[in-house]
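Biologist: Please take a close look at a single part of this model. Give the cut-off for each term as you come to it.

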Amino acid sequence: MRKSHPVRRVVLATAATVSGVVLLLSLKPSSDPASAAAGGAAPQPPLAQESAQGGAQAAGTGTVTGDAAQTQYGAVQVRLTVAGGKITKAEAVQAPKGGTSDQKTALSVPKLNQEAVAAQNAEIDAVSGATYTSNGYKQSLQSALDKAKAASSQGSSQDQGSSQNQDAGSAQAAKTVTGAVAQTQYGPVQVRITVAGGKITKAEAVQAPKGGTSDQKTALSVPRLNQEAVAAGSSDIDSVSGATYTSAGYKQSLQSALDQAGG
């Protein structure tokens, strides 16, 4: 009976040793550092590529605005977006409005915009029923094209501040100012102007008398007053016959805007 105890201890010790070796071998793969390194290295290159692509897409686009063309029913002025030497977008920033002009403008301007992009020049068809608007559009469109061509020939699309014909350069120096509201017998008048290089480049009435006969008087007088404000560069402009109160209010608000602009 006493000789059997040492044998039993040897068997138990051997079994414990084998179990320990097996346990160590089973734990070794989970601590392999190579797999952890491989799992954390991949995400960063796509971020760098995305940033580079975004910068490339933003390059090479500019806008140019043609001179306002005066028509029997109001001013028409066209702005173009040009990229890679081609017109990618055309829009009318001024067009006749008020009375039947609203319908004609809504009908003709979208068609003229499409034709300008399609033709890439000012040789586009007039829209039936909107002859005056069409002619004014084509005139301002040609002016915008001439400016874009002149800017391109100077060979420096980035030197925008030195080119009088490049709309983007003018936009950097431009500021928009809104005059105080002028109260008239028929309603308030308020004028907003855009000033660049010490000159009025755009004038518009953000408020004007409306309702009844005021609609017709506003449609008749405001486009002319806008035109005269740009031409004169001051509030010393003539009143429109038949719209004396609106004209007086316009000049009052215009002077307020010029005072704010420092002109």
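Modeller: T194 is buried, with a relative accessibility of 17% (buried means under 20% relative accessible area, exposed over 50%, partly exposed in between, with a 1.4 Å probe and protein chains only). The model is predicted: local features need pLDDT of at least 70 and side-chain atom pairs count only at pLDDT 80 or more, while totals for chains, interfaces and linings use all residues. Residues are numbered from 1 along each chain as its sequence is written, and side-chain values use heavy atoms, without hydrogens and water.

T194 belongs to strand β7 (helices, H or I of at least four residues, and strands, E of at least two, are DSSP runs numbered from the N terminus). Its side chain makes a polar contact of 3.4 Å with that of T176 (a pair of N or O atoms within 3.5 Å; within protein, one must be able to donate a hydrogen and the other to accept it, and residues adjacent in sequence count only if both atoms are side-chain atoms). Leaving aside neighbours within four places in sequence, T194 is in contact with A174, K175, T176, K199, I200, T201 and K202 (heavy atoms within 4.5 Å).

Now the rings. There are two aromatic pairs in the structure (rings of Phe, Tyr and Trp, the last by its six-membered ring, with centres within 6.5 Å; planes under 30 degrees apart are stacked, over 60 edge-to-face, the rest tilted). One is Y73 with Y132: the centres are 5.5 Å apart and the planes stand at 70°, so this pair is edge-to-face. It links distant parts of the chain, 59 residues apart, with Y73 in the loop between β2 (69–71) and β3 (74–83) and Y132 in helix α5 (residues 131–153). Y73 is partly exposed at 39% relative accessible area, and Y132 is partly exposed at 44%.

Y186 and Y245 also form a pair, with centres 5.5 Å apart and planes at 70°, so the arrangement is edge-to-face. Y186 lies in the loop between β6 (182–184) and β7 (187–196), and Y245 in helix α8 (residues 244–261), 59 residues apart. Y186 is partly exposed at 43% relative accessibility; for Y245 the value is 43%, again partly exposed.

Lysines sit over two of these rings. K104 lies over the face of Y73, 5.8 Å from the ring centre, and the charged end of K217 is over the ring of Y186, 5.6 Å from its centre (NZ of Lys or CZ of Arg within 6 Å of the ring centre and within 35 degrees of the ring normal).
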